[in-house]
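Me: I have a structure open and would like to learn how to read its features one by one. Where do we start?

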Amino acid sequence: MPGQRLVNLLARGLLRTPLLSRLVGARLVVLHVVGRVSGRRYAVPVAYVTRGGELLIGTSSRWGRNLRTGEQIVIRLRGRRRRADVRTGTGEAEVVAAYAEMARANRAFARFNGIRVGEDGEPDREDLRAVWRDGARVLRLTPR
């Protein structure tokens with residue numbers, strides 16, 4: 001997306017700033033991802049929804065394929081660096097249900113992913129299935 005690098009740079013800066021990180025960090029977390037082939041390190045700001053003790057994240061970006069169930073990554077959550085356990089999901093039912101939950105909780109997430117939300121607050125089922133067909137996956141992170 002045009003301008004996404006600039007937005008990511010700004011978000012990472014805000015999430016490192018002590019007072020601002022609490023406000024901005026209510027919906028954004030930075031994932032520190034290492035490329036499996038390239039070995040490059042990426043700091044990726046993403047939206048999340050809290051479910052129990054987990055952070056629920058949806059992505060169709062290529063960096064998401066670098067995360068595997070059972071591994072740990074470093075995250076910056078509300079200004080603090082910490083480790084998190086990773087669980088990934090790619091099945092249709094799991095992705096559609098998780099994206100529906102995230103779209104209900106965060107309309108910006110829905111818009112960013114092209115998911116229409118009706119007046120009743122329910123995301124469009126066909127849009128949710130289309131997101132899955134386009135390669136979306138679900139990440140469940142458990143911070144330590």
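Reply: The protein has five helices and seven strands, where helices (H or I, at least four residues) and strands (E, at least two) are DSSP runs numbered from the N terminus. This is a predicted model, in which local features need pLDDT of at least 70 and side-chain atom pairs count only at pLDDT 80 or more, while totals for chains, interfaces and linings use all residues. Residues are numbered from 1 along each chain as its sequence is written, and side-chain values use heavy atoms, with hydrogens and water left out.

Me: In what order do the elements of the protein run from the N terminus on?

Reply: The order is α-α-β-β-β-β-β-β-α-α-α-β.

Me: What percentage of the residues of the protein count as buried?

Reply: Buried means under 20% relative accessible area, exposed means over 50%, and partly exposed lies in between (1.4 Å probe, protein chains only). Here 40% of the 144 residues count as buried. A contact means heavy atoms within 4.5 Å. Among contacts between residues at least 6 apart in sequence, 58% join residues at least 24 apart.

Me: How are two packed helices described?

Reply: Two packed helices are described by the angle between their axes and the distance between the axes. Axes are lines fitted to C-alpha atoms, for helices over the stretch in contact, and angles run from 0 to 180 degrees between N-to-C directions. In this model the axes of α3 (residues 92–105) and α5 (residues 125–133) come within 9 Å and cross at roughly 125°. That makes α3 oblique to α5, given that angles under 35 degrees count as roughly parallel, over 145 as roughly antiparallel, 65 to 115 as roughly perpendicular and the rest as oblique.

Me: Which residues make the contact of α3 and α5?

Reply: From α3 come E92, V95, V96, Y99 and A100, and from α5 come R125, L128, R129, V131 and W132. By class, the contact has seven nonpolar, no polar and three charged residues. Ala, Val, Leu, Ile, Met, Phe, Trp, Tyr, Cys and Pro count as nonpolar, Asp, Glu, Lys and Arg as charged, and the others, Gly among them, as polar.

Me: Where is R140, and is R140 buried or exposed?

Reply: R140 sits in strand β7 (residues 137–143) and counts as buried, because its relative accessibility is 8%. A polar contact is a pair of N or O atoms within 3.5 Å; within protein, one must be able to donate a hydrogen and the other to accept it, and residues adjacent in sequence count only if both atoms are side-chain atoms. The side chains of R140 and E94 are joined by such a contact of 2.7 Å. Beyond neighbours within four places in sequence, R140 is in contact with residues including R51, D85 and A98.

Me: With which side chain does the side chain of E101 make a polar contact?

Reply: With that of R51, at 2.7 Å. E101 lies in helix α3 and counts as partly exposed at 23% relative accessibility. E101 and R51 are 50 residues apart along the chain, yet their C-alpha atoms are separated by 9.6 Å.

Me: What does D127 touch?

Reply: Leaving out residues up to four places away in sequence, D127 touches G114, I115 and R116. D127 is in helix α5 and is buried at 12% relative accessibility. A polar atom of its side chain lies 2.8 Å from the backbone nitrogen of R116.

Me: Is V37 buried or exposed?

Reply: V37 counts as exposed, at 84% relative accessibility. Its place is the loop between β1 (28–34) and β2 (41–47).
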